[in-house]
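Here is a short report on one chain. Look over the sequence and the fold, then read on.

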Amino acid sequence: MSQENQNVQSAPVLVNALIKERIFGQLLELVVFFVPGALVGWLGMLAFGGEEGGKFFIGVYVIVFIIMQLRLVLTRSQTVGQYLFNIQVFDIKKNKRVGFWRYMFIRDFFGKTLVIGALPIIGLIFMPFYSLVDHLFIFRKDRRTVHDLIAGTRVVKLPIEQQRKQLFDFTRI
């Protein structure tokens with residue numbers, strides 16, 4: 001065997017995330033957002049004797065959650081739900097994690113909302129239909145949604161060596 005063949009390491013084979021991992025990742029993300037948010041608001045109302053205290057603490061919680069989401073997308077190309085399910089958004093051509101701007105603006109902002117949502121009145125009527133179609137695309141053979149197709153991305157199950165080892169494993173991938 002030549003020296004060249006010994007030095008070549010094969011890249012890990014990436015498998016598209018299962019439908020249930022993507023769906024439960026999104027649902028878990030909603031739970032992680034709304035349940036603590038409601039609790040923080042309720043505690044704020046109790047501690048400060050009224051609705052204003054609750055609104056303030058919910059506002060702080062929303063800001064903290066958004067910062068946490070943005071940090072995960074920036075450093076790992078994952079949201080909280082994707083992180084918890086060990087799935088990640090990858091560039092379909094380069095076969096590596098997608099960059100922050102492409103994830104946030106092409107995939108999420110443009111791919112999920114601006115396609116139809118930017119149109120006044122028409123967007124309000126057709127946005128729910130577009131969102132449904134977008135999410136139903138997950139049942140295609142390649143499990144890519146419309147926003148994945150627009151951004152040239154796919155959601156993959158992380159190889160074992162890149163998966164988080166514990167719930168709060170914040171080492172970089």
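I23 is found in helix α2, which covers residues 19-48. Helices here are DSSP runs of H or I with at least four residues, strands are runs of E with at least two, and both are numbered from the N terminus. With a relative accessible area of 36%, I23 is partly exposed. Buried means under 20% relative accessible area, exposed means over 50%, and partly exposed lies in between, for a 1.4 Å probe and protein chains only. I23 and Q82 are 59 residues apart along the chain, and their C-alpha atoms are separated by 9.8 Å.

This is a predicted model: local features need pLDDT of at least 70, side-chain atom pairs count only at pLDDT 80 or more, and totals for chains, interfaces and linings use all residues. Residues are numbered from 1 along each chain as its sequence is written, and side-chain values use heavy atoms, with hydrogens and water left out.

**The sheet**

Three strands form an open, antiparallel sheet in the order β1-β3-β2. The edge strands are β1 and β2, and each pairs on one side only. Two strands pair if DSSP finds at least two bridges between them. The pairings are listed below.

| Strand | Partner | Bridges | Sense |
|---|---|---|---|
| β1 (residues 15-16) | β3 | two | antiparallel |
| β2 (residues 87-91) | β3 | five | antiparallel |

V15 has K157 of β3 as its bridge partner. D91 stands opposite T153 in β3.

Strand β3 covers residues 153-157, and T153 belongs to this strand. Four of the five residues of β3 are buried, so the strand is mostly covered. T153 counts as buried because its relative accessibility is 0%. What does T153 touch, leaving aside its neighbours within four places in sequence? Contact means heavy atoms within 4.5 Å. The contacts of T153 are V89, F90, I92, V98, R107, R144, H147 and D148.

**The nonpolar cores**

A nonpolar core is a set of buried Ala, Val, Leu, Ile, Met, Phe, Trp, Tyr and Cys residues joined through side-chain atoms within 4.5 Å. The largest has eight residues: A17, V73, I87, V89, V98, F100, Y103 and V155. Strand β2 and helix α5 are the elements that give two or more residues to this core. A second, separate core has five residues, including Y61, L72, V80 and Y83. In soluble globular proteins, nonpolar side chains tend to be buried together.

Leaving aside neighbours within four places in sequence, V73 touches Q78, T79, R97, F100, Y103 and M104.

**Helix α3**

Helix α3 has 26 residues, 51-76. The expected span of a helix is 1.5 Å times one less than its number of residues. For α3 that should be 38 Å, and its end C-alpha atoms are 37 Å apart, which agrees. Which residues of α3 are buried? They are G53, G54, Y61, F65, Q69, L72, V73, T75 and R76. S77 follows α3, and its phi is positive, near 55°.

**Aromatic rings**

Rings of Phe, Tyr and Trp (its six-membered ring) pair if their centres lie within 6.5 Å; planes under 30 degrees apart count as stacked, over 60 as edge-to-face, and the rest as tilted. By this rule there are nine aromatic pairs. One of them joins F100 and W101, edge-to-face, at 5.1 Å centre to centre with 80° between the planes. F100 is buried, at a relative accessible area of 18%. W101 is exposed, at 58%.

W101 also pairs with F105: this pair is stacked, with 5.0 Å centre to centre and 15° between the planes. Both residues lie in helix α5 (residues 100-117), four residues apart, about one turn of the helix. F105 counts as partly exposed, at 40% relative accessibility.

Elsewhere, ring pairs link F33, F34, Y61 and F65 into a cluster. A charge sits over a ring if NZ of Lys or CZ of Arg is within 6 Å of the ring centre and within 35 degrees of the ring normal. R107 lies over the face of Y103, at 5.2 Å from the ring centre.
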